[in-house]
Structure formats: C-alpha cells, structure tokens
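Visitor: I am new to this structure. Please show it to me, and let me ask how the terms are applied.

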Amino acid sequence: MTKETILKQGGIWAFIVVELIFFSVAGEYLSVSDKAFMDFDNMLLLLKQSAPIGIIALGMTIIMINGNIDLSVGATFALSAVVLLDSMTWPFMAAMGDWSIPLAWGFALLTGVILGAVNGLLVWKTGVDAFIVTLGSMLGYRGLVFMYNGEQPTSHLNWTLVDFAEAQFLGLHTATWFLLVAAFVLWFLMTRTVHGRNAYAIGNNREAAVNAGIRVGPHIMWNFVLIGFLASLSAVVFYSESGSVNPNDGMLYELWAITAVVLGGTKLTGGYGSIISTLGGVIAIQLLRKGLGHIGADTETVNLVIGLILIAVLFLDRQLNRKGKEELKI
Amino acid sequence: MTDPIPVLRLEDIVKTFPGVRALDGVSLSVLPGEVHALMGENGAGKSTLMKVLGGILQPNEGQIFIEEEPTVMTSPMHAKAKGVVFIHQELSLADELSVAENIFLGELPLKSMGRVDWKKLYADTDAILKTLNVGFDARTRVGDLSIANQQMVEIARALTVDPRAVIFDEPTASLTDAEKVVLFDVISELQAKCVGIIYISHRMEEIFKMTDRISVLRDGQYRGTLITADTNEDEVTQLMIGRSLDLSRSASEHELGDVALEVRDLSCGDLFRNVSFSVRRGEVLGFYGLVGAGRTEIAETIFGLRAPTGGKILLNREEVRITSPIDAIRHGISLVPEDRKAQGLVLGMNCRDNMTLPQVDDLTAGPFVSDGAEVAIFDQYRDKLDIRTPGWRQTVGNLSGGNQQKIVIGKWLSMRPEVLIVDEPTRGIDVGSKSEIHNLIRALAAQGYAVIVISSEMPEVLHVSDRIVAMFSGEVVREFTAEEVTEDSLIQAISGIRGDKVA
Amino acid sequence: MAELTRGGVGGFLARQGILVAFAVFMVGFALANQRFIAVDNISGVIRSSAILGVMALGVTFVVIGGNLDLSVGSMMSFSTIVVLDLHDKLGPALAIPAMFALTLALGAFIGFLVGYLKLNSLIVTLGMLSAIHGLTLTWSGGKNMDIADKEGTWFAIFGQGEVIGIPVPILIFALLAVVLSLILGKTPFGRKIYAVGGNGQAATFSGIPRARVVFLTYVMSAFCVATAGLLQASRSLGSQNTVGQGMELEVLAAVILGGASLLGGSGTIFKTVIGVLILGFIQNGLLLVGLEFYVQYVVTWVIIILAVWLDIAAKRGRLLSPIA
C-alpha cells in the first residue's frame, strides 16, 4: 500500500476516531445525559441504526464504482416495505401462520429485484443516462407505492417477526448482522470475483472494458438488480420491526446513501471506491447524528453539519489531486 | 522458403463516410517475421485502416485475409481471437486496476463461485512480464507506472494470445531512448517468432532502423510499398506528400515590421525552461519539435492558460502580465488551439455564434446581442476565408475539418489581433484545405500580422515559416532562418542532437 | 448534415416531439373531460404550476451551463420559512428584501463552490440540500411558521391576489419567463452560458470567464428560488419546514422534459415552460378523469423516459443502445 492509498482509505476511519474523541470529550462538558458517549450499548444501537441506510449505501457503492447512480432506491425501499407488510395479510398467507414470514420476505425481495431490473434494462437498452432513468423511476416507483394503498399507511405487526428483528446474537442486533453480512458478501464480490473486478474496469475506463470484450450492458443491469435487492433487504430489516410503512417513507434515502458513499471516498466518476470505506461513511454519519444529540446540539444541526462535511470532503479530495501551478487553467 | 503465406493481407479496402472516401482501395500484406512500416501524413487514412482491421469499422468493399483465409472482423476482441492484436498510441488501460487485471481484462481466470483465480492470474502475468524484462510486477497498480511502462502493459496484453500479427501505432511517441531499446528488443523477439508486425510511425530514423518494407498511404489511397533496404527518406517522403513543389520554402518578400512579441527566459515548471524568442510583424515564426517537447505549453502560457514559473513576456517592447485568456485577448494575442474540437469550437453552436464568441460583449444593441452586427462579421470572414457553409445557422459540428478550422481562424482574425498563434493548423484536415490554410497564413503575415505556427509536420513548418525554433524536451535547441534550415539539421535539433545554439 | 437529413414528418417529430406530445395530451384530456379546457381550469393549472415553474426557470440556467442544482427544493423551504418569520418581526416590506438577500447569498456560495472551486455540482448541491435543510430547521426551531395576523397583511397579494383578473402568481411566472428568456436567448451573458455548457474548455479558450458564468447561473437560480419561496409563503401565509422537499427532482424532471440536456449547452426557457405545463396539465387531467394525484408520478416517469429516449434515439439513428 502506498502512502496515498492509506491516506485515501484510512481517511474515513481517522475521521470516525476524531468524532469519537471529540464527542466523548465534549460530552463531558456539554452532555445532557450522564451516560458516556462511548457507552457500549450506545455503540451497538448506533450500528443497528446505521443498517437501513447502510445496506442501501453498500449497493450504491457498486453502482457508483460502475460509473452510474441510482436515485430510485428510496422508492424501491418503500414499495418493498409495502409488499412485505401487506403480503402477510393476504388470506392464503395469513392462513400459513408464521410460515408466511419467509414468503413475505421473498415477495419483498422479489419486488426490489424487479424494480432494479427495470432500471437496469432501461439504462442498458435505451442508452439514457442512469441519472435520468432513476430520476424518472424515483417518481414512478413512488407513484406505485401510493397506488398500492393510497395515502394510508400500510401496517401489519407480526410478533414473531418483531421478536426476530429485536433479537441479539453475540451481542449484535439482527439489523447489524444483516448490515455486516451484506458488507462482507459485497466486499467479497468487489475484491475477489470477476464481476467485481469488471465493475471497477468499466467505471475506470469503459472503452477499454468494451474493447476487452466485457459485456457492459448486462453487467450494468446486474448491478441495478443488486441494488434493488439491497434496497428491499434494507426494507425487510427495518419494517420487520416497525410494522408500519407510510407512503412517504424512504424519501431522500438516495441522498443519504450517496452522501455515505462519497464520504467513504468513492469517486463519482467511477472506477474507484471500496465497500469497507462506505461502511465507514455510514458509521461516520450515524456517529455524527448521535454525537451532536449527545452534546445537546439540536438534531436540526446534523443536516447542516453533514452537508458541509460532504462539501469539505470534496474540496479536500480536489486539493489532494491537484497538479500544482503548472496545471492548465481550464 | 519461397513465397511464404502472408499472416495478414488486406485487399482493395474501401471505406466511405458521408462525403468522404476515407479509404480508397487500400491493399497491404504482412509476411511472417516481417516488420512492415505503414506511413502517411495525418489524415492519410492510417487510423481508419486500423479500425477496419480491428473490426471497429466495417469496410464498404474489400476483404481481409488471415493466412489467406477470408475473415470478417467484428470487434477488437474477435481480431484478438484471430491473432491480430493492437498496441495503441492512446493507452486503453484501467489505471485503478493492477497490471495483471489489465493484461487479462475481460478474460480473468475463474475459480468456483465466480472468483478470480489470483494465483494463476499473477503467475501467468509474471511469466509474460518476464519475457518483456520489465521492472514492475503483476500486482502494481497501473496508474503508478510511467507512460513507458504502461505501454509495456499494453504489449504484454498482446502476448496473452499467440499473436500472428501485432500492430504498433506510434509506439515510441512518449518513450525515452532507453525505453525505446527495450521496445525494439521486444519487436525483434516477436519477429524471431515469425509474427508479422505493422509498425506505424512518423519517425524516419526508426522506420529505417526497424522495418523491412514500407507501405505508404496518401489521402486514403495506397501509394505503394518500398523495400526499406532499397529506398531512402526522400523517396518515402515523395510518396507520402506527393507534391514536393507545393511545399517549397517561401520566405517573406515583404518588409518585416517591428518586434510584436518577445519572450525572455520563460519557464513553466517541468514543461519548458528558459525559452526565449521574438516575432516581428509580417513574420511567420515556426515552432517544430516532437510531441511533448513543450511547444503547445508555451503557447498556452503566453495565452494566459498556464502560470509561468519564470521569465517575461513583452508586447511591443513593453512587459505585460497575462494571467488569463481575457488578458491575452485584450493585449491582442490570439490562439488557434491544437485540439479544434475540444478547445477551438463549441460544436453544438452555429457558425456565427462560434465566430463571434470572444467579442459577443461588444456586439450589442442596448442590452441585447445585435443580430446584424454578428451576421456582418460572419459574412465578412466567410468571404475573406472562403468558408463553405450553407449559412450561419449551420451547426459547426456538421462542417468539414477545414471549414471548422477557418471558423476558428476567423474568430480570432475578427478580433484584429497583433499576434496570432496557430497550433497544428492543419491537423485532421484534407489536403486541399491544407494548402488553403497554408496560403492563408502566408497572406496574414503579408498583411502585417505577427504569426506563430506550431506544427508536428516538418513540410508544413518549412513551407510557411520565415524562421524556425526547434525544441527538444522543454528547451529551445536552435533557431533557424528559412535560408539556412535543412531537413537534416532540423531533425537533428529536435531529436536532442545539439547544433550551435542561437540565443 | 444531421439537420438536413432529418427533414419531413419524422424530423419534425424528432425535433418538436415534446410539443407534439403536449398537443396530443391536451386533445386527449379535452375529449375525456370538457372541463379540462375551461378557462378557469387552465388558469388554475398554470397558477398551481407557477411555483414549480419559477424554480424550473432558474434551474434551466444552471443546466444549460452544464451543471445540476439539487438544492432548490430545500432552498425554497428556507426562503419560505425566512420570509414568514421576518414578516412578523420586520414587517413585509423589509422581510422580502432580507429574504432575497439571504437566498442569493446561499446561491452565491454554491456558485462559488461549483464555479470558482470547480467542485462537482451534483455533490455540492446534494450537500447543500442537506445543509440548507438544517439551516431552515435551526431558523424555525423545527416548528411550523405562521403569520400571526393573516387577515390584515398585504403580503398575501403575491400568492393570492389578482391583477386585471389574472392571478398574480401567473403574472410573476410569465413576467419572469419572458425576462429570463430574453436574458438567455438575446444577451451576451446568455450566449456565454450556452458556450460554457456546450464546451467549457473552448469557452475558456475564447476568453470567456467560465467560473464567473457558472457562478452567475447559480445566483440566477437562487433568485428564482427566492421568488418561488415568496409565492409559496404568500399563498399559504404559513408553512412547514419541508414545503419544498422533493421539488428539486420534480423541477429537474420539468427541465429535462423540456428537452435540456444534462450535459449542458442546450435547452431554452420556452421549452422549460412547456415542460412545466406538461407536468401541471398531466396532474390536472388525471385528477379530472378521476384518478388520484399520485398516478401522475407514474405517468411522468413514463413520459420522461420516453422523451429522453426518443431524443437520443433520433440522434443516434437507432432505437436501442448499441452497447452489448
């Protein structure tokens, strides 16, 4: 590892450490509660709360490494949630008792896969930019959410499901496990498999990838299927516990996910980025939310701080990559 | 071994684009173990021919044979599978990936569950790298390599199949002499393995050192094949250019005026150092040197696009500070840039709007742009430069290269500059328009403009310039007057063989 | 060349596709429900589209200049909350200029980051979306903002008033559209925006101050957002913190529907207005034929994809993308 890669990949973890120290120290003086910030339970909760956005952000990393973007994940998340909860009330499902749970999960995940595939097919076959395709489907999928159940929330509480979602295994919550397992699988995918390496190659130099005979179209489509799946997995994790979904749920999730990915150092232009760093980005954001709350700052401040940090990261990245004075001023 | 079967043979290839016959019946054959040079000026059709060979373009007529078997190339991958591989001048690598991943891009060895077989990948790669004798290993990130080493990666990529024919496109463009030696060794080894090689280059010295035969293209037409041992540079040049008379030297007959622009000890980091020269009104000053010698960078610095790290720029004998193109334009300096499509024109805009772009602020009636004033300027320069377009509403992207270039020149002439810098005036322009543009440059000098012409084409520089500045590796090596310059001395100067340095 | 070969009916459809689609829509809805083309209905549609429309006018400048602006929704919430809050503290006469000044400052900040520092506009405005939302919440303390004396203020005129029988929001939208259309289409500044968006490097090589032009497009956008915030605040005289949430993407949808390329350098104010009206009339038409408002989301989705797809299909001369 060169100095540069350490700087780039270690940056987000250094930032997390700084956050931890800052909030611990500042918390001593400012905290509204008596609990220490670095309290173990607090940290476990933090991981759990990171899961919904985190799982989506992992998928967004792959999409962005590929050189694309997906703005429709929030709507996919919501529609999967609606399918998850509603499907359990269908007569034949209700008759199955708790056996309906895996089936409902299956339906929800299938929803995500299909929505992702639609995005992917459109990007592949029409040649319309992913930004526009997913901007459109963000509206369209949201419309489907509303069409499903009007403006009413969709609710269904299954206590077995809630128990499962609230369970802890080896001290970690179910949601945390989902996040960690997803991160491991995707890390493996991106660093160890041909598909993952091709994803980097396509984002890095698309023409070279095409010339090398990589089938770029289907490759891109599979990645959209993957992020659709992950958005619905995120919904499964979250709504198994909450049991009620509003038609506006998941709005702006795409923006949070992109923020986490960019904080993690993934390049917008594609070809560079890492799953693990995105995990760092997700944790850093959640830490910031909790930390600011801990030192008694208004929760509102979080948005302000995160937005400015995002811009600061972009600025730093540019300064690091500058060629100096000789650069062409264009 | 009588009459060996050619590894690769092209027969009467024709490729037309709307309005252009890019390839007009080109034939070529490459024997096993032969290094076959392909020469021709920019725009002669070399790259189109290579695209046809690589299956990126399909020929309208003609046939490709591989070992005398008719073959239709459908893609670069397909060509590679048939044993025809390309080493491109513009590197086609993913620089965030490792050397090994780049070499086996699109065909990474697989294990179960879609995993990459890293062990095999690295072993195979190291085996190839070993034959090339390079100083980096399979795990190195390509972005960390020098350009020369990146080129070695491209070459290594060609060796993953047993190639029957390898095409090198300007392989030495960015290599140092030591790196060239390594490259030539690789070529010799391929030769020894009876691989046929097509070697595209502008550099006579290399051509005569490395190749067995030379085929020449001009204006999309096949002009013949010469046996390298039996020919000389003049003969090749004659074939390439066709009309040596046209490009005779033509020093100005009119009186030269005062010094318009002078540059003293101008430096910009590593790009160029201590460059001094001056140009007088009515004079054409040529800049000649290899790609990367710093010529374009000097122009960009004078035009305010780069910040100099030392030296002075004087206009009419007074020092000026230029920090942006806006400053430069205000001081009467204009630049017709090297890359017409990326830097010279907004391709989606119409002809008139492109031409009046730098002065649109001054062409107003009240708060609005004056249509009449703009059209007047366009009409004036369309007539003056003989720009052929259906009308000013025509989108610039739809014009031919020559007419596009005239729009750019018109854009700057309409600003009435004192100094006009023209970087690669005829790149990618057909022969007819070329001489028009050459005549135009001479005419501008005669009208009293101080003109600087930067070119990679020696005949062009010799033809239009009153004086020539030769550059090598960021430094001015020598300045020639039109009377004293010879092709030999110019070539020596730009290859780093120093003559008497003239201050 | 392309222009010449694209003559005839097909060429007309390719070039004016969005107008044709618009006409087809209007006729279809009019046949389905006569009320659709009633004057008061049309006026109602334009009126309810005015806020989105005003924002879209500004974003058109940014997009033609080759950038994106995802912060307009959250900036509009900011303007609305600020002007409502200051209304009671300073009085409307001072509140309005103060709000404009603050919003323009935000636009200038974004313009500085994207124009002068050359940071990626997607991420910058994404960050600003979040940051400005935080700013709004901090300003309001997270609470809804209401004008105390709703009956006794002339402030309502912008959102609710009428001049010679025409609702003021429509007048403002129309006036702004005409003025901005003139700026974009007729002034040197407008020409420079097209040049910078079409080919930024060539613009620089032609002596156009690219950074300043980009900067100004964001200031223009902020001005439009402030106007939209004024209309919004004046219409409802009270507001949530999230009033503009999600509008950034609807605005972008309208601009894209109007045919502006996200790559920059193309688009017009007129086309954006058409895009806005299409969105408005679709929503209205669907409501009139008895469908819920959210059906328009799905319809908009289909229209956006089709519009952009057909546009690039016409340019490349084949329907499907050539990538394997």
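Guide: M55(C) touches V72(C), M76(C), C224(C), V225(C), A228(C), M247(C) and V251(C), leaving out residues up to four places away in sequence. Touching, or contact, means that the C-beta atoms of two residues, placed from the backbone, lie within 7 Å. This is a predicted model, in which local features need pLDDT of at least 70 and side-chain atom pairs count only at pLDDT 80 or more, while totals for chains, interfaces and linings use all residues. Residues are numbered from 1 along each chain as its sequence is written, and chains are lettered from A and ligands numbered from 1 in the order in which they are written.

Visitor: What makes a nonpolar core, and which residues of the largest one touch the most other members?

Guide: A nonpolar core is a set of buried Ala, Val, Leu, Ile, Met, Phe, Trp, Tyr and Cys residues joined through C-beta atoms within 7 Å. The largest has 354 residues, and I56(A), A257(A) and M55(C) touch the most other members. Helix α11 (residues 210-236) of chain C gives the most to this core, 16 residues. Helices here are DSSP runs of H or I with at least four residues, strands are runs of E with at least two, and both are numbered from the N terminus. At least three residues of the core come from each of domain 1 (8-242) and domain 2 (256-344 + 418-494) of chain B. Those bounds come from an automatic or database domain assignment.

Visitor: Why is N274(B) called partly exposed?

Guide: A residue is buried if 20 or more other C-beta atoms lie within 10 Å of its own, exposed if 12 or fewer, and partly exposed in between. N274(B) has 13 C-beta neighbours inside 10 Å, so it counts as partly exposed. N274(B) lies in strand β12 of chain B and has a positive phi of about 45° although it is not a glycine.

Visitor: Is I164(C) buried or exposed, and why?

Guide: I164(C) has 5 C-beta neighbours inside 10 Å and therefore counts as exposed. I164(C) sits in the loop between β2 (162-163) and β3 (166-167) of chain C, and its phi is positive, about 40°, although it is not a glycine.

Visitor: How do you know that β11 and β14 of chain B pair?

Guide: Two strands pair if DSSP finds at least two bridges between them. Five bridges join β11 (residues 259-268) to β14 (residues 310-315) of chain B, and the two run antiparallel. S267(B) stands opposite G310(B) in β14(B).

Visitor: Why do β12 and β15 of chain B stand at the edges of their sheet?

Guide: The open sheet has four strands in the order β12-β11-β14-β15 (chain B), with antiparallel pairing. β12 (272-280) and β15 (318-320) of chain B each have a single partner strand, so one side of each is left without a neighbour in the sheet. Helix α9 (residues 295-302) of chain B lies across β11, β12 and β14 of chain B, at about 115° to β11(B). Axes are lines fitted to C-alpha atoms, for helices over the stretch in contact, and angles run from 0 to 180 degrees between N-to-C directions.

Visitor: How many residues of chain C are in contact with chain A, and what classes are they?

Guide: 43 residues of chain C are in contact with 46 residues of chain A. α6(C) gives the largest share of the chain C side, 14 residues. That side divides into 30 nonpolar, 12 polar and one charged. Ala, Val, Leu, Ile, Met, Phe, Trp, Tyr, Cys and Pro count as nonpolar, Asp, Glu, Lys and Arg as charged, and the others, Gly among them, as polar.
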